[in-house]
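Q: I would like to learn how to read contacts, helix packing and salt bridges in a model. Can we work through a case?

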Amino acid sequence: MAKKVLIVYAHQSSSSFNSAAKTTAVEVLTTLGCSVEVSDLYAMNFKATATAEDIKGDLKDAENFSYLDESKLAWEEGRLMDDITKEQSKVIEADFIIFQFPMYWFSVPAIMKGWIDRVLTNGFAFTQEKRYSQGIFKEKRAMLSFTTGSLESMFSATGINGDMNVTLWPLQNGILHYCGFQVLAPQIFWAPFSATPEARSCMLEGWRARLQGLLEEQPLSFISLDCFDKKGFQLKSDVQEKHAAKDFGLAVGIHMGKPLPPHNQMKAGS
């Protein structure tokens, strides 16, 4: 059971639904015996842009600046700015990370994307050898908890916004799973702004109930790195042959030209 929880929180208003969801998580998890820390990105005035100013001292190649390379070297040499290393220390200490935010443009707010870009640096959070199922943080868990502006029906396979499973793939596979995290199913609060007070209360009660057993939940399923060849990182032929007769693809993004597996990014075991 996770004991140290980090909540990376991105909302400017203390009276927002996101704030209420964050507070609920802190209260319940603390009651369960967890040590909970919150990185309130707006209150911290966290820098959202990944730039050369994140690095102390001289750059290796200032003329052809590469954040990927320079931040890796700076991390190895202890030359990243203090606001970054402070957050990296929180990540190291945490067993479980919750990202709490309002969905902006089908993704996270810029300030949270900045946290991801600047904190989950090359070398610290991933390497070419240590990623996906063999990732650096494979012993840690993480999840997304967020609000939408649109109704749930709009994020369906026939809805105007498209399937939410597709929207979640870059965030959950391309960021969290890429760094090795075991990813729990997201907590989605559908359009609380347009909901009645009673409906919003029900949403929070549902979250409170889930939090009681959250630390024991099974993570979402992702394809093991061992299923891909080492040259072009294509699915191995035996994996493709084994799955050829199946009705659905392996995952949302690795669908093999087949229909997407239902709820693949929203329910464990799908």
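Q: Which residues does R210 touch, not counting residues up to four places away in sequence?
A: Bear in mind that this is a predicted model. R210 touches M143, L184, A185, P186, Q187 and E217. R210 itself sits in helix α6, residues 197-213.

Q: Is R210 buried or exposed?
A: Buried means under 20% relative accessible area. R210 has 16% relative accessibility, so R210 counts as buried.

Q: How are the axes of α3 and α4 placed?
A: Look at approach and angle. The axes of α3 (residues 82-93) and α4 (residues 110-119) come within 10 Å and cross at roughly 85 degrees. Angles of 65 to 115 degrees count as roughly perpendicular, and α3 and α4 are therefore roughly perpendicular to each other.

Q: Which residues meet there?
A: From α3 come D83, I84, E87, Q88 and V91; from α4 come W115, R118 and V119. By class, this contact of α3 with α4 has 4 nonpolar, 1 polar and 3 charged residues.

Q: How many salt bridges does the count come to?
A: A salt bridge needs a side-chain nitrogen of Lys or Arg within 4 Å of a carboxyl oxygen of Asp or Glu. By this rule the count is 11. One pairs R208 with E27, with the closest N and O atoms 3.4 Å apart. R208 is in helix α6 and E27 in helix α1, 181 residues apart.

Q: Which residues form a network of salt bridges?
A: K47, D54, D83 and R118 are linked in one. Within it, the closest N and O atoms of D54 and K47 are 2.8 Å apart. D54 is buried at 1%, whereas K47 is partly exposed at 28%.

Terms used. Residues numbered from 1 in each chain as written. Predicted model: local features only at pLDDT ≥ 70, side-chain atom pairs only at ≥ 80, totals over all residues. Heavy atoms only, no water. Helix = DSSP H or I, 4+ residues; strand = E, 2+ residues; numbered from the N terminus. Buried < 20%, exposed > 50% of the residue type's maximum accessible area, 1.4 Å probe, protein only. Contact = heavy atoms within 4.5 Å. Axes fitted to C-alpha atoms, helices over the stretch in contact; angles between N-to-C directions. Parallel < 35°, antiparallel > 145°, perpendicular 65-115°, else oblique. Nonpolar A, V, L, I, M, F, W, Y, C, P; charged D, E, K, R; others polar.
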